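The stops below are given in the order in which they may be selected.

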Amino acid sequence: MMMVDLGSFSDQKFDPQKWINAACQSRHPQDPLDKHLVDLEMKLQMVSEEIAASLEEQSAAALLRVPRATRDVIRLRDDALSLRSSLSAIFLKLKKAEGSSAESVVTLAKVDSVKQRMEAAYETLQDAAGLTQLSSTVEEVFSSGDLPRAAETLANMRHCLSAVGEVAEFANIRRQLEVLEDRLDSVVQSRLTDALSNRRVDVAQEMRAILLRIGRFKSLELHYTKVHLKPIQQLWEDFDLRQQAKKVANAKSEIDRVSNSQDFQSSMISFSSWLPSFYDELLLYLEQEWKWCLFAFPEEYRTLVPNLLIETMSAITVSFASQINLATGDAVPETKALAKGIIEISNGDLPKGAKIQTKHLEALIELHNTTGSFARNIQHLFSDADPQVVLDALKAVYFPYESFKRRYGQMERAVLSGEIAGLDLRGAAVTLVGVQGVELSETIRRMEESIPQVILLLEAAVERCINFTGGSEVDELIVALDDVMLQYISTLQENVKSLRAVCGLDVDAISTKKDTGAERREAASNARKVDFTSGEEEWSFVQGALQILTVADCLTSRSSVFEASLKATLARLSTSLSLSVSRSSIDQNKPDVVNDDGTGQLSVAQKAALDVAAVRLVDIPEKARKLLNLLEQSKDPRFHALPVASQRVTAFTDAVNDLVYDVLISKIRQHFNDLSRLPIWSSVEEHHARPLPTFSSYPQSYVTAVGEYLLTLPQQLEPLGENISNSDPNGDEAQYFATEWMFKVAEGATALYMEQLRGIQYIMDRGAQQLSVDIEYLSNVLSALSMPIPTCLATFQTCFSTPKDQLKDLITSDSGNQLDLPTANLVCKMRQIRLE
């Protein structure tokens with residue numbers, strides 16, 4: 001029996017067609033469709049009849065309940081009216097009572113205030129009497145040696161003094177109380193020292209209670225720190241003792257030093273090797289104190305132990321920073337021999353040859369990483385302490401590195417600048433002709449290989465910044481990277497200038513202020529030898545010059561990728577630092593380390609606030625604000641992390657393109673040089689007994705040489721294009737590269753040619769006929785290269801090929817449709833034809 005689901009009929013989006021189709025699809029495959037539809041219709045009719053019967057039954061029942069509900073409503077209304085009347089009567093009675101008893105209430109209030117003042121005066125008199133009695137018996141209490149009782153007596157005296165206020169009669173008692181409190185404090189300190197040294201929990205708790213009773217909790221903190229600071233300082237001074245032992249050993253006689261040097265050196269360790277063991281011993285000491293104070297001072301241990309660490313780091317900070325400085329100097333033999341470090345180098349206190357090197361920074365970062373591991377252990381140990389206390393402890397741990405972090409941008413710039421200056425890019429020199437191509441290729445190879453090296457240096461600098469400062473000095477890093485990139489690109493541009501001299505384009509570029517006149521003359525002579533190279537050497541020379549395009553392409557792509565990577569790093573820092581240092585805390589000049597609910601529990605953002613960058617930035621809100629603004633700007637797609645370097649990369653690419661263009665056009669320029677002054681243009685036709693041709697029907701050598709050069713140039717460009725576009729499997733980019741440069745050179749050649757043609761002052765018929773043949777040849781070459789013929793060049797060819805007596809009519813009839821009129825007028829002037 002088929003069941004009918006009535007739930008779908010209550011849907012507001014019920015579709016009858018869909019429901020019928022779904023019902024038909026659910027039938028058994030062997031059941032006829034007609035029979036199924038009949039059964040479905042019958043079921044729907046039965047269900048509708050059942051629903052109608054149910055509605056009729058429920059409606060009748062509802063009609064029977066209406067009179068009863070009406071009666072209940074009327075009864076409730078009557079009860080509400082009765083209640084309102086009762087409340088109104090009560091309200092009137094209260095108003096009458098208030099009017100009659102208001103004066104009595106005021107009188108009672110005055111009497112009560114008088115009573116309170118009398119009681120307060122009575123209590124004050126009792127306190128004054130008690131204060132006098134306590135003052136007379138306090139010496140007896142102290143003589144008994146009962147310290148808790150003495151503390152209670154002094155506390156009662158303090159209470160009584162606060163009750164009587166500033167009364168002149170009790171001034172002596174106030175001074176006596178201060179003396180007695182100091183006296184009790186000193187007695188307690190001696191016993192507290194013994195309890196802390198011998199781990200006597202009961203005595204320590206008793207002494208704590210006494211100090212708290214007399215309001216001297218600060219004394220407990222100071223004395224606890226004083227007792228434990230000395231053994232920790234001894235741990236630190238262990239390294240200084242070893243250093244002094246080294247000085248004593250160096251003061252021995254030459255024979256002793258030679259004989260014992262090996263054994264002595266083997267017993268010495270560096271500061272970077274010793275520091276982890278110091279941190280391990282200090283952490284173990286603090287862990288033991290944390291556990292002991294948990295039982296001895298259950299309410300104060302969260303403050304006592306972190307404060308001990310803060311005071312310890314404060315006591316050894318100066319020595320710590322000095323040891324860090326010397327340890328960085330030990331990383332490089334030159335500074336190790338001078339017993340100087342990175343601070344002296346950055347201050348310029350060492351000879352000019354001493355520079356900050358990568359090893360100096362690596363040694364500094366290694367020490368900082370060791371401290372970072374210790375800081376994470378401290379954060380875990382003090383996880384139950386107040387967040388502000390933990391933050392203060394971490395700031396104390398990192399404080400010895402603060403002077404180095406403030407100098408980070410300066411140090412990083414010096415390191416990168418030294419690395420850039422150390423790159424050997426000077427492979428080009430003007431020497432013998434046969435060596436020039438090799439020199440050119442060697443220079444370009446060095447330039448191209450230096451680009452990934454420089455990018456690796458910059459990436460290493462970014463990594464160092466994150467490791468050492470946590471990104472808090474990334475603004476200084478960006479400035480340093482921009483400056484260093486500018487320095488590197490300037491070096492590349494100087495090399496491009498040198499290559500221009502090697503290519504015979506700019507002899508002055510290879511000369512410096514120190515060059516003598518003889519050297520400059522030799523450079524010029526060698527540069528002029530380019531004109532006389534053989535065809536094979538010439539093409540080798542051109543091919544070498546074309547290779548510099550790969551340098552520009554590599555620099556552009558690598559610098560773009562690096563800048564994108566740097567922006568991604570800034571975005572990550574923006575996220576982490578935004579969690580660590582909230583803008584509201586910066587504006588208030590304090591860290592946001594406590595939840596709004598006052599529980600003191602660390603939130604996710606507050607846990608992040610304890611990283612190395614945020615620990616530092618909370619004390620320098622102005623720098624934090626500027627840094628966050630910079631990181632926020634970095635999210636803008638238009639933001640340039642290295643703005644100056646980006647502009648100089650574009651300028652370098654333009655300089656390279658100019659160099660390549662000048663190299664490619666140089667041969668054409670040579671062939672077209674002094675073209676306008678060739679004697680053939682003004683030569684007069686010779687007379688012979690028999691008629692002979694008066695002009696050559698073949699183009700001259702200068703134009704054929706240019707044409708052959710242009711036709712051969714694509715073969716030289718395509719291999720380079722394939723190298724540049726090796727990522728394109730279809731070679732479309734290579735073809736585009738070759739076509740683009742081919743058109744540049746062809747357009748340049750055409751422009752040079754037309755410039756020379758415009759310089760012809762006078763031309764005879766024979767010269768005009770010869771020149772038309774030359775122009776026709778060049779036009780055919782341009783057509784073979786799929787380059788359109790400029791209108792000016794076509795006008796030159798037409799006007800020179802037209803007989804002199806027909807040229808005027810040709811120009812008049814054309815009216816500028818096919819010819820360039822200024823060019824046509826110029827040709828008429830050359831051929832001495834008047835167009836009037």
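Select I90 to begin: with a relative accessible area of 46%, this residue is partly exposed. The term covers values between buried, under 20% relative accessible area, and exposed, over 50% (1.4 Å probe, protein chains only). I90 belongs to helix α2, residues 33-144; helices are DSSP runs of H or I with at least four residues, numbered from the N terminus. The model is predicted, so local features need pLDDT of at least 70 and side-chain atom pairs count only at pLDDT 80 or more, while totals for chains, interfaces and linings use all residues. Residues are numbered from 1 along each chain as its sequence is written, and side-chain values use heavy atoms, with hydrogens and water left out.

Next, select E281 in helix α8, which is partly exposed at a relative accessible area of 40%.

Turn now to the aromatic rings. How many aromatic pairs does a search of the whole structure find? The search finds 21, where rings of Phe, Tyr and Trp (its six-membered ring) pair if their centres lie within 6.5 Å; planes under 30 degrees apart are stacked, over 60 edge-to-face, and the rest tilted. Select F239 and W274, a tilted pair at 5.2 Å centre to centre with 35° between the planes. Because F239 lies in helix α6 (residues 217-250) and W274 in helix α8 (residues 271-296), the pair ties together parts 35 residues apart in sequence. Both F239 and W274 are buried.

Move on to W292 and F297, an edge-to-face pair at 5.9 Å centre to centre and 80° between the planes. W292 counts as buried at 11% relative accessibility, and F297 does so at 0%.

Finally, select K744 and W741: the charged end of K744 sits over the ring of W741, 4.2 Å from its centre. The criterion is NZ of Lys or CZ of Arg within 6 Å of the ring centre and within 35 degrees of the ring normal.

Notes. Helices (H or I, at least four residues) and strands (E, at least two) are DSSP runs, numbered from the N terminus.
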